[in-house]
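Please read it alongside the sequence and the 3D view.

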Amino acid sequence: MKILLRHFSFARFLPVLLAGLFLSGCGGAGESNLAAGLAKLKDGNYKSAASCFEKASDQLPDNASARCNLGISYWKLGRHKEAISCLKKAAQLCPDDPRPLEFLALALIEMQNWNEARSALVQADKRFPSSAWILTAMALVEFRTGNNAQSLSRLTEALDVDPAYAPALYNMAVLQRDRLHNKEAAVNYFNNYLKAAGGDTRIQDVPQFLNRVPPSGPARPVPGRPAGQAQSDPLVANAKKAVDKQEFDTALEILKQAVRNYPAEPAPLWELAVLY
């Protein structure tokens, strides 16, 4: 699995949407359930949050916040089909706001449903043109589906919007390194990424970046270990549990350990990219 996505954080993105879509009104049981659900969602109590949002959605059927956060709760619980339905409904309820579509795209990217993720991002781009975040997410989808020219185009657009946008700089460096095989360009973009990130990076120097090319093919099964099961799986699973509890520093340390212990396995790197 190649790594393109960095600086995308489901957890960090979450409070922005929750605050922005909380629609105040005259009060009542619906908004009480909505407020309770938001508190539980921020605490990582997704099952209880979903229960509150289900009630709020019934009581406030036209409230985009209730529907969107219900979709987020379902998504975090692994109820992907229901999550997608809720996020699509939320996008319909607030036709000018790109954020339900952005969350929809994130869920679809996690599910590796590239075509629908692309569609969601195209719609989000129409609602909020020239967003470096949206353009970089579009580049990820094109990268993962082998459309190098489109990925390059989207990242170029993102950097036209914001030349110091760290995620686009890093992803452009990866694209140049792994797909376009332009070492000089990769180094230039990576150095600009280091400057833009201000030292808050997991890869600190050019040699480390250039030597971190993921394997081109699937890992060979290890004798005594079932095919399809990676050695890093237990650590990755523990990191995901920490993220679910919003213990992000703990998750980060677990994933860094997994990367150190199993540098050839793609899963820890991917989860580290998502967390970052």
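Helix α9 (residues 148-161) and helix α10 (residues 166-178) have axes that come within 10 Å and cross at roughly 150 degrees. Helices here are DSSP runs (H or I, at least four residues), numbered from the N terminus. Axes are lines fitted to C-alpha atoms over the stretch in contact, and angles run from 0 to 180 degrees between N-to-C directions. The pair α9 and α10 is therefore roughly antiparallel, a term for angles over 145 degrees, while angles under 35 degrees count as roughly parallel.

This is a predicted model, in which local features need pLDDT of at least 70 and side-chain atom pairs count only at pLDDT 80 or more, while totals for chains, interfaces and linings use all residues. Residues are numbered from 1 along each chain as its sequence is written, and side-chain values use heavy atoms, with hydrogens and water left out.

Between α9 and α10, contact (heavy atoms within 4.5 Å) involves Asn148, Ser151, Leu152, Leu155, Thr156, Ala158 and Leu159 of α9 and Ala168, Leu169, Asn171, Met172, Leu175 and Gln176 of α10. By class, this contact of α9 with α10 has 8 nonpolar, 5 polar and no charged residues. Nonpolar covers Ala, Val, Leu, Ile, Met, Phe, Trp, Tyr, Cys and Pro; charged covers Asp, Glu, Lys and Arg; the others, Gly among them, are polar.

A second pair is formed by helix α2 (residues 29-42) and helix α4 (residues 64-76), which pack at about 30 degrees with their axes 11 Å apart. α2 and α4 are therefore roughly parallel to each other. Here Leu34, Leu38 and Leu41 of α2 meet Ser65, Ala66, Asn69, Ile72 and Ser73 of α4. The contact of α2 with α4 has 5 nonpolar, 3 polar and no charged residues.

Gln112 is partly exposed, with a relative accessible area of 43%; buried means under 20%, exposed over 50%, and partly exposed in between (1.4 Å probe, protein chains only).

How many disulfides does a search of the whole structure find? The search finds 0, a disulfide being a pair of cysteine sulfur atoms within 2.5 Å. The sulfur of Cys68 lies 7.0 Å from the closest cysteine sulfur, in Cys94, too far for a bond. Cys68 is buried at 0% relative accessibility, and Cys52 is buried at 11%.

Note on methods: Helices (H or I, at least four residues) and strands (E, at least two) are DSSP runs, numbered from the N terminus. Angles under 35 degrees count as roughly parallel, over 145 as roughly antiparallel, 65 to 115 as roughly perpendicular and the rest as oblique.
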